Amino acid sequence: MRLDRAVDAYLRHITIERGLSEHTVGAYRRDLAVYLEWLSAAGIEDTAAVSGAVIARFVGERASQDPPPAATSLARLQSSVRGLHRFLVREGIEPEDPSGRLRPPKTPQRLPKALTIDQVERLLAAPSGEDPLGIRDRALLELLYATGARVSEAVGLDVDDLAHGDVLRLRGKGSKERIVPVGSFARDAVDAYLTRVRPGLAARGRASARLFLGARGAPLSRQSAWLIIRAAAEAAQITAEVSPHTLRHSFATHLLQGGADVRVVQELLGHASVATTQIYTHVSVDTLRDIYATSHPRAR
């Protein structure tokens, strides 16, 4: 089978059958475009001509670039290549997987960066209280911190997802749905946005079911949400790096510091494995030290 057709079939599979997000599919598409370009330069156009040695040479050349790619980028590239060849075997297009012996590089385990509770409060209070877009931004920030939602999940919310009052329906990776509670501060902020701001924004654009709208009435984008978070961090004079995931990290860290069970946090975050959630337990080492120092008779 021609490699370009194989890649197209695989991308359709992960989009339609596996239901991966547009962001994830885009990353796979970019990685496989690099792979196809390299194979084409090597004179390989058919899936049957790809061997384990060919893949090893491709990965080796990518790893030896100057400057070398980040370990996470190389790991994702290898994952894209393995996913393609495993798909070809499952579909009966090829009898064997030439990527079977490919081993991902070890990636450094980075502890999530979380804000302190004081920093979060300053961040949430940063948007202007009376400006319409400030009211919208406050609702978005409050909702992100209250639910631990990914930014893509938050901007993908429809108004109907709030129909259950004090809980929210989020659609995560692979279109998996989960229900999370919403605290009173976030509910009040969202209610203020829905009653005072959203109708005016909706009148400026085409009818949309999305909860968060931009200044022209179109659904708010991930990029716009990122800019809202950055602007709030600057207004709050937070010098630490604040990324779109910062409020999600802070949500998980503060729950664990408050005594929440790691499996409950796993459910709230929508992690498939508790091992993914357990990285947040390392962030609470300072809390463990404090408890040990005050509780153990021979700690001091």
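Which residues lie nearest the centre of the second largest pocket? In this predicted model, where local features need pLDDT of at least 70, side-chain atom pairs count only at pLDDT 80 or more, and totals for chains, interfaces and linings use all residues, they are Leu124, Glu142, Tyr145, Ala146 and Phe185, out of 15 lining residues. Residues are numbered from 1 along each chain as its sequence is written, and side-chain values use heavy atoms, with hydrogens and water left out.

A pocket here is an open set of points on a 1 Å grid over the protein atoms alone, where a 1.4 Å probe fits, with protein on both sides within 12 Å along at least five of seven lines; lining residues have an atom within 4 Å of a point. The second largest pocket holds about 340 Å³, a volume being the space filled by probe spheres set on the points, which are joined across faces, edges and corners. Two or more lining residues come from each of H5 (117-125), H6 (132-147), H8 (184-196) and H11 (246-257); helices are DSSP runs (H or I, at least four residues) numbered from the N terminus. Sorted by class, the lining has nine nonpolar, four polar and two charged residues (nonpolar: Ala, Val, Leu, Ile, Met, Phe, Trp, Tyr, Cys and Pro; charged: Asp, Glu, Lys and Arg; polar: the others, Gly among them).

Now for how H5 and H6 sit together. Their axes are 9 Å apart and the packing angle is about 150 degrees (axes are lines fitted to C-alpha atoms over the stretch in contact, and angles run from 0 to 180 degrees between N-to-C directions). The pair is therefore roughly antiparallel, the word for angles over 145 degrees, while 65 to 115 counts as roughly perpendicular. Val120, Leu123, Leu124 and Ala125 of H5 touch Arg138, Leu141, Glu142 and Tyr145 of H6, contact meaning heavy atoms within 4.5 Å. That contact has six nonpolar, no polar and two charged residues.

H6 also packs on H10 (residues 222-235), at about 95 degrees and with the axes 11 Å apart, so H6 is roughly perpendicular to H10. Here Arg136, Asp137, Leu140, Leu141 and Leu144 of H6 meet Ala225, Ile228, Ile229 and Ala232 of H10. The H6–H10 contact has seven nonpolar, no polar and two charged residues.

Definitions and conventions:
Parallel < 35°, antiparallel > 145°, perpendicular 65-115°, else oblique.
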